[in-house]
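Please look over the sequence and the 3D structure below before reading on. The report then goes through a few residues, the sheets and a pocket.

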Amino acid sequence: VETQLWGGLVINGNGITNKCSDAQRTGGTCHVQGEGKPSNYGGNNNAESSGVLQYVVVKHPGFEVAPGDELNGITLNAVGSGTVIQNVQVYSTYDDGVEFFGGAVSVNRLVALYVQDDSIDWADGWVGSVNEALVIQWRDVGDRCVEADNQESQFNALPLSNPTIRNLTCIPSGARLPVGTHGDSMGAEFR
């Protein structure tokens with residue numbers, strides 16, 4: 001399955017991320033640098049709107065935009081709950097399908113097909129939800145259906161990640177290294 005034909009979709013919001021302190025959030029100085037082309041995200045408004053994303057298919061992303069930095073299919077950086085994301089599909093991506101870095105956005109009706117890394121991934125204090133999702137991994141690649149973190153370097157960073165996943169069907173590949181691209185296929189990993 002072909003991947004890495006382009007970068008991927010990145011949305012930067014003004015929501016809350018635990019990569020910033022309370023003082024930075026309230027003082028308007030929360031500026032976390034995103035992946036790919038340098039851009040900043042983060043703020044103090046988990047209800048903010050970063051727009052509407054409906055009926056979109058993101059196909060063949062995951063291009064390495066900088067050394068060791070592949071983009072996800074859809075990256076949601078501190079995107080707030082006022083954002084509408086529904087009926088989206090990520091198809092054949094080299095990195096993660098959808099990754100949430102803080103914020104409170106919810107995704108309704110997600111399909112993630114042939115994602116070579118984690119299909120649904122979150123960190124940095126995300127408190128939104130994924131409602132009605134189908135994940136199908138390719139027969140010999142695919143890492144986790146769900147990778148759940150708070151913050152990789154500081155597990156107790158506040159606010160804690162606390163999302164909700166409803167009605168998820170995951171069909172893992174069963175791939176094992178060295179065949180898999182990023183790791184052994186598995187259902188969910190919570191750290």
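Where is the place of R139? R139 is found in the loop that runs between β12 (129-136) and β13. The model shown here is a predicted one.

R139 has a relative accessibility of 62%, and because exposed means over 50%, R139 counts as exposed.

Is T17 buried or exposed? The relative accessible area of T17 is 0%, and the limit for buried is under 20%, so T17 is buried. The side chain of T17 reaches the backbone nitrogen of K19, at 3.1 Å.

**The sheet of 6 strands**

In what order do the strands of the open sheet of 6 strands stand? The order is β1-β7-β9-β11-β13-β15, and the pairing is parallel. Why is one side of β1 and of β15 left without a neighbour in the sheet? β1 (9-12) and β15 (186-190) stand at the edges and have a single partner strand each, so one side of each lacks a neighbour there. From one strand to the next, the twist in this sheet averages 10°.

Within this sheet, β11 (residues 120-123) runs parallel to β13 (residues 144-148), and 3 bridges join the two. W122 has A148 of β13 standing opposite.

**The sheet of 5 strands**

An open sheet is also formed by 5 strands, in the order β4-β8-β10-β12-β14, with parallel pairing. Its edge strands are β4 (52-59) and β14 (164-171), each of which pairs on one side only. Here the twist averages 5° from one strand to the next.

| Strand pair | Bridges and direction |
|---|---|
| β8 (residues 84-91) and β10 (residues 106-113) | 6 bridges, parallel |
| β10 and β12 | 7 bridges, parallel |
| β12 and β14 | 7 bridges, parallel |

Single residues can be followed across these pairs. V88 has L110 in β10 as its bridge partner. A112 has V135 in β12 as its bridge partner. V135 in turn stands opposite C170 in β14. As a general point, side chains in a regular strand alternate between the two faces of the sheet.

**The largest pocket**

What is the volume of the largest pocket? The volume of the largest pocket is about 240 Å³. The lining consists of 20 residues, and those that lie nearest the centre of the pocket are E99, F101, D121, E147 and E152. The elements that each give two or more residues to this lining are β9 (98-103), β11 and β13. Which element gives the most to the lining? β11 does, with 3 residues.

By class, the lining of the largest pocket has 14 charged residues, 3 polar residues and 3 nonpolar residues. β9, β11 and β13, named above for the lining, are also strands of the sheet with the order β1-β7-β9-β11-β13-β15.

Definitions and conventions:
Residues are numbered from 1 along each chain as its sequence is written. This is a predicted model: local features need pLDDT of at least 70, side-chain atom pairs count only at pLDDT 80 or more; totals for chains, interfaces and linings use all residues. Side-chain values use heavy atoms; hydrogens and water are left out. Two strands pair if DSSP finds at least two bridges between them. Helices (H or I, at least four residues) and strands (E, at least two) are DSSP runs, numbered from the N terminus. Axes are lines fitted to C-alpha atoms, for helices over the stretch in contact, and angles run from 0 to 180 degrees between N-to-C directions. On a 1 Å grid over the protein atoms alone, a cavity is a set of points where a 1.4 Å probe fits but cannot get out, and a pocket is an open set with protein on both sides within 12 Å along at least five of seven lines; lining residues have an atom within 4 Å of a point. Grid points are joined across faces, edges and corners, and a volume is the space filled by probe spheres set on the points. Ala, Val, Leu, Ile, Met, Phe, Trp, Tyr, Cys and Pro count as nonpolar, Asp, Glu, Lys and Arg as charged, and the others, Gly among them, as polar. Buried means under 20% relative accessible area, exposed over 50%, partly exposed in between (1.4 Å probe, protein chains only). A polar contact is a pair of N or O atoms within 3.5 Å; within protein, one must be able to donate a hydrogen and the other to accept it, and residues adjacent in sequence count only if both atoms are side-chain atoms.
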